Amino acid sequence: MSLASVHLRGIGGYLPERVMHNRDLEALVDTTDQWIVERTGISERHIIAPDQMTSDLAVAAAQVALADAGMTIDEIDALVVATTTPDFIFPSTATVVQAKLGGKDFPAWDIQAVCSGFVYGLAQVEGMMRAGMFRRVLLIGAEAMSRIVDWSDRGTCILFGDGAGAVVLEAGEPDDENGMVGSVLHADGAYRDLLKAKHPHTPSSPDRANHHQSADFQVDSAGSAAVEMKGNEVFRVAVAKLGGVVNEILEKYALQDADVDWLVPHQANIRIIQATAKKLKMDMGRVALTVARHGNTSSASVPLALYDLYQSGRLERGQLILLEAFAGGFAWGANLLRWSK
Ligand code: COA
């Protein structure tokens, strides 16, 4: 059996209306606009409205992607949402999105690989589609990171933003050379404590106020879930792993640095992006950049950056695009895609 090709037919993005500038952060924590811009490249980020949920951002991005593909939700065979900030512990945000879009019956599930969620999701869906499981898949990265940020921690709260990006993928003829080339994924849980957010039900310490214990069991009721990070250690490993994974994916598919037309990196920090571009000997003019305007939107950052590049009108059919991301876990990876719209 020859494997199907996988094509991106539609793309969309959504950013909540409220914009938080670095100056707004100066009022919250001991920081300056200059420090944030110099150390991260971020100037502003979007913040979800009190009456919005992650699923609402996802739905808005999905509607744009479906319209771009010229498809309706009834033509979709599967829906995947990559998110770290789901509406609920369960049901999955994907099922909430399915219902809000008016979809029925087709499978819908979430994927959790934090900031690498979209890159992981694209790899997973690509494999399933190549094998003939689904013909048309809606893949969304959606996050409300502002809901899990500790707004008193200047080392983390300056970094994150909210938003959603979505793509519609469609299986095509096996011999079509455009579309997905392939993916590479990695994880190393030895690094799990460098970047994390406890779940509200994660036990915190033996003397926690909301700790309940009997002779037979102990439980914790609600606690707080806030991002904790050893920033400079994360930075160091991110630069090394991303440099490695972009080389690895090119080698795997027998391609060279010079074959890559566009780099669409995870938008965590401009200095990490510059280091990866340097590794690929790529001019920054060929790198999709949204970090200044969006901050780090976790699993939404790569599809939002790709959407931004698409909207700029610079993508051409047949061009080779390298997507990459690095995340808590650590989990990291890359995808190669030949633009076929
Ligand atoms: N404003 C002003 N000063 C700040 C600050 C802020 N918002 N945040 C930290 N600082 C201070 C620190 O307290 C420290 O002060 P000290 O030297 O007096 O102790 C100093 O700046 C340097 O801190 P450090 O953490 O070493 O800075 P850095 O250059 O590594 O930059 C990050 C911090 C968070 C911007 C950077 O480490 C980073 O981007 N890391 C990767 C984060 C990331 O990508 N996470 C997501 C991966 S998916």
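Q: Where is Y120 placed?
A: Y120 lies in helix α5 (residues 117-130); helices here are DSSP runs of H or I with at least four residues, numbered from the N terminus. This is a predicted model, where local features need pLDDT of at least 70, side-chain atom pairs count only at pLDDT 80 or more, and totals for chains, interfaces and linings use all residues. Residues are numbered from 1 along each chain as its sequence is written, and side-chain values use heavy atoms, with hydrogens and water left out.

Q: Is Y120 buried or exposed?
A: Y120 is buried, at a relative accessible area of 18%. Buried means under 20%, exposed over 50%, and partly exposed in between (1.4 Å probe, protein chains only).

Q: What does Y120 touch, not counting residues up to four places away in sequence?
A: Y120 touches I111, A113, L185, H186, A187, A331 and W332, contact being heavy atoms within 4.5 Å.

Q: Switching to H266. Where is that found?
A: H266 is in the loop between β13 (262-265) and α7 (270-279), strands being DSSP runs of E with at least two residues. H266 has 6% relative accessibility, so it counts as buried.

Q: Which side chain does H266 join in a polar contact?
A: The side chain of N296, at 3.4 Å. A polar contact is a pair of N or O atoms within 3.5 Å; within protein, one must be able to donate a hydrogen and the other to accept it, and residues adjacent in sequence count only if both atoms are side-chain atoms.

Q: Which residues in α3 meet α4?
A: T54, S55, D56, A58, V59, A62 and Q63 in α3 meet T93, V96, V97, K100 and L101 in α4.
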